Amino acid sequence: MPDEADGHAVDLWSLAEDVVVEPGDREGELVLTGCWGTEWVSTPHPVVEEALRRMQLGPVLLTNLESPAGDAVGQEEWYCLQLHLERLSHLIVRTLGIQDLGGPLLSATPVSPVAHFALARLPGRQPVQLPSGVSLTVGRDGVTVQAPDSSYRVLVHRPEAVWVLGRLAWPVTPDQVSAALALPAGVAERIMDYLAAAGMAAATAEDVRVPPPVLGHGEPGDGAARTP
């Protein structure tokens, strides 16, 4: 099944803004066109077609999809959908939401035709930190995070994700970040999972100390910052 977040956090999927989905020349074919070229989806399962249609409109929760008969989507249909989404990963924006009315926490947009969002749970005691050369730019829409070798650009929308991001200026474990921040259970860890999948949290073998607050609970300032 598609990735599912824990507790209050939810995984949302959408197509990049420049991606257009149109019928192909062959019966039942879909054509996805974007800045990285064209992808064809031949005779997609109705669940796949419905998912892509919704994803073109904005971030969607895939677990809300239904089969053509109106039933919950079965394992075989999920597997088919997952295969297509994996192949189209370079066209898909991954967004981490939260179950409130405050909007998404962060979103990861592909910036490479070989982008692949390998979302996995970080070990709780594995120290990670921002990779060398990462840049943080504060704008009206949030904090944009970019790294030289990453295939994704991350836009941090909400303070909760900024607090987690600030902790990554030093080596720190997901367990430490979760203990230090007053966030709902699992949210801090999931934010770190997303940052790692986007190439914005690199594993380190350094000794871990509790870091001082950075980009903390106050309002972030203007301008850009760069790690050493």
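Author: The chain holds 5 helices and 12 strands, and it should be kept in mind throughout that this is a predicted model. Of the 228 residues in the chain, 47% are buried, while the accessible surface comes to about 11600 Å², with 51% of that area belonging to carbon and sulfur atoms. Among the contacts with a separation of 6 or more, 66% are made by residues 24 or more positions apart.

With that in mind, we can turn to the part you asked about. Two residues that can be read side by side are Asp-18, in the loop between strand 1 and strand 2, and Val-19, which has its place in the loop between strand 1 (9-15) and strand 2. Val-19 counts as buried because its relative accessibility is 5%, and the cut-off for that word is under 20%. Asp-18 counts as partly exposed because its relative accessibility is 37%, a value that falls between the limits of 20% and 50%.

Which residues does Val-19 touch, once those up to four places away in sequence are not counted? They are Leu-32, Thr-33, Gly-34, Gln-56 and Leu-91. For Asp-18, leaving aside its neighbours within four places in sequence, the contacts are Thr-33, Gly-34 and Cys-35.

Glu-29 is buried and yet has no salt bridge, since the nearest side chain of opposite charge, that of Arg-26, is 4.7 Å away, whereas a salt bridge needs a side-chain nitrogen within 4 Å of a carboxyl oxygen. When its neighbours within four places in sequence are left aside, Glu-29 is in contact with Glu-22, Pro-23, Gly-24, Trp-40, Val-41, Ser-42 and Thr-43.

Helix 3 (residues 159-167) is mostly covered, with 8 of its 9 residues buried, including Trp-163, Val-164 and Leu-165. The buried residues of helix 3 pack against strand 6, strand 8 (135-139), strand 9 (142-146), strand 10, helix 4 (174-180) and helix 5. Helix 5 (residues 187-197) is mostly covered too, with 10 of its 11 residues buried, and one of these is Tyr-194. After helix 5 comes Gly-199, whose phi is positive, near 85°.

Tyr-194 also belongs to a cluster in which ring pairs link it with Phe-117 and Tyr-152. The count of aromatic pairs comes to 2. Phe-117 and Tyr-152 form an edge-to-face pair, 5.4 Å from centre to centre and with 70° between the planes. This pair links distant parts of the chain, as Phe-117 is in the loop between strand 6 (106-110) and strand 7 (128-129) while Tyr-152 is in strand 10 (residues 152-156), 35 residues apart. Both Phe-117 and Tyr-152 are buried.

Definitions and conventions
Residues are numbered from 1 along each chain as its sequence is written. This is a predicted model: local features need pLDDT of at least 70, side-chain atom pairs count only at pLDDT 80 or more; totals for chains, interfaces and linings use all residues. Side-chain values use heavy atoms; hydrogens and water are left out. Helices (H or I, at least four residues) and strands (E, at least two) are DSSP runs, numbered from the N terminus. Buried means under 20% relative accessible area, exposed over 50%, partly exposed in between (1.4 Å probe, protein chains only). Contact means heavy atoms within 4.5 Å. Accessible areas come from the Shrake-Rupley method with a 1.4 Å probe; for residues, only the protein chains shown count as cover. Rings of Phe, Tyr and Trp (its six-membered ring) pair if their centres lie within 6.5 Å; planes under 30 degrees apart count as stacked, over 60 as edge-to-face and the rest as tilted. Lys and Arg count as positive and Asp and Glu as negative; His and the chain ends are not counted.
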